[in-house]
Amino acid sequence: MSTTATEPAEGPSKVDLGAQGGGTGEIPSFDVTLKVRRYLPETSEDAYWDEWTVTMYGTDRVLDALHKVKWDIDGTLSFRRSCAHGVCGSDAMRINGRNRLACKTLLKDLDLSKPILVEPIKGLPVEKDLIVDMDPFFQSYREIMPFLINKGPEPTKERLQSAEERERFDDTTKCILCAACTSSCPVFWTDGQYFGPAAIVNAHRFIFDSRDDAGDMRLEILNDKEGVWRCRTTFNCSEACPRGIQVTKAIAEVKQAVLAGSF
Amino acid sequence: MSATVESTIAAPRTGRIDPKYTRDKTKSGNFEMLAWLFMRLSGVALVVLIFVHLFSNLMVGDGINGLDFGFVAGKWADPFWQFWDLALLWLSMLHGTNGVRTIINDYAERDGVRFWLKMVLYAATTVIIVLGTLVIFTFEPCLVGADGMLLESTPAFCETL
């Protein structure tokens with residue numbers, strides 16, 4: 001393994017983890033206060049804050065703290081998670097006011113002198129605690145036809161594409177549909193009819209795919225008054241994306257493609 | 001087995017999407033695209049129009065001290081400045097109106113409020129554009145008092161008319 005990296009991929013730890021050599025030492029532990037936005041429609045119409053202090057370890061993530069609460073303290077706490085390793089996109093939530101995946105946010109990177117605020121993602125109807133109704137999100141996703149449409153004859157082998165043609169839309173193939181971008185968009189917060197960054201990113205993935213023939217249809221769909229022109233380039237989506245997709249750039253490229261197709 | 005047994009169970013969320021998320025299917029044409037394009041093009045044009053306007057009014061000659069009724073009257077006697085100020089008026093008003101329209105669309109949550117805010121905006125814009133255009137083209141620099149004499153503030157070139 002190469003040890004030449006001088007800078008850590010993420011910011012420096014805010015907790016003193018001590019000297020870590022050889023991996024034989026004990027993992028340091030610390031107390032973490034979680035402040036979670038609760039909503040239990042069976043008992044009350046009103047949402048409220050719940051607070052727990054738990055002892056966690058330097059290797060733990062926000063998801064581990066939520067698990068600790070759910071499994072050891074309060075079983076009624078509800079949230080979604082499937083793979084728990086940043087691939088399935090189930091556990092997007094607002095952590096300290098920013099949309100993050102709970103399974104990719106290490107506790108040691110947060111400011112632990114204050115409670116960690118955990119809220120459901122904004123703009124979608126909350127069903128219980130941190131669980132929101134994702135149907136409006138997926139409804140927009142379905143509308144942009146997120147599948148390959150090719151009018152040519154079916155090839156006997158795979159559909160060939162050059163490395164450059166693949167590179168053109170590589171960034172937008174990374175989307176895991178966690179809704180962190182769409183639910184960080186201030187336009188979407190007030191206008192639920194806006195297609196939202198995620199739908200546009202997934203349209204981008206096919207519009208710029210050399211094997212796909214339905215780019216024009218997708219551009220027409222997104223040339224709607226609730227389509228790409230609703231974007232105000234606030235860059236919240238790019239900041240929120242746990243996969244590092246340049247979402248605002250992708251939206252700008254779709255805008256240019258709509259313009260290029262119209263003149 | 002009975003043939004009338006319900007064979008499917010409705011999906012738990014069927015038909016439960018809040019109508020506020022449902023887009024109406026009417027086509028909006030290219031209006032939003034043209035509005036977006038207009039904002040960029042008029043923005044570039046306005047940078048030139050505004051800075052030349054400021055330079056000619058505040059820097060050239062006596063600068064800000066020479067700015068009075070006569071100065072404006074002199075400018076509007078020239079078709080070049082008439083056209084310049086007309087372009088400035090129209091582009092800035094439409095650019096600003098479209099910007100405020102966008103803000104109203106973004107922040108007004110109730111349909112009725114959004115509609116009436118936009119109506120007020122469009123009415124104000126229309127009044128200002130019509131009034132401004134009329135002033136630029138019907139401006140009378142040589143004002144005459146009740147006694148038939150030129151008023152004090154009239155520019156010098158009125159004397160020779």
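Predicted model: local features only at pLDDT ≥ 70, side-chain atom pairs only at ≥ 80, totals over all residues.
Let's start inside chain A. Chain A splits into domain 1, covering 29-132, and domain 2, covering 135-153 + 162-262. Between the C-alpha centres of domain 1 of chain A and domain 2 of chain A there are 28 Å. Where the two meet, domain 1 of chain A contributes 14 residues and domain 2 of chain A contributes 14 residues. On the domain 1 side, strand β4 of chain A, residues 98-101, gives the most, with four residues. By class, that side of domain 1 of chain A has six nonpolar, four polar and four charged residues.

Now for a pair of helices. In chain A, the axes of α5 (residues 197-207) and α6 (residues 215-222) come within 9 Å and cross at roughly 155°. Angles over 145 degrees count as roughly antiparallel, so α5(A) is roughly antiparallel to α6(A). The crossing of α5(A) past α6(A) is left-handed. On α5(A), the contact is made by A:Ile200, A:Ala203, A:Phe206 and A:Ile207, and on α6(A) by A:Gly215, A:Arg218, A:Leu219 and A:Leu222. Sorted by class, the residues of this contact are six nonpolar, one polar and one charged.

Last stop, the two chains. How many residues does each chain bring to the contact? Chain B brings 15 residues and chain A brings 16 residues. On the chain B side, α1 (31-58) and α3 (79-107) each supply at least two residues, and α1(B) has the largest share, four residues. That side of chain B divides into six nonpolar, two polar and seven charged residues.

Thanks, everyone!

Notes. Residues numbered from 1 in each chain as written. Chains lettered and ligands numbered in written order. Contact = placed C-beta atoms within 7 Å. Nonpolar A, V, L, I, M, F, W, Y, C, P; charged D, E, K, R; others polar. Axes fitted to C-alpha atoms, helices over the stretch in contact; angles between N-to-C directions. Parallel < 35°, antiparallel > 145°, perpendicular 65-115°, else oblique. Left-handed = near helix turned anticlockwise from the far one by under 90°. Domains from an automatic or database assignment.
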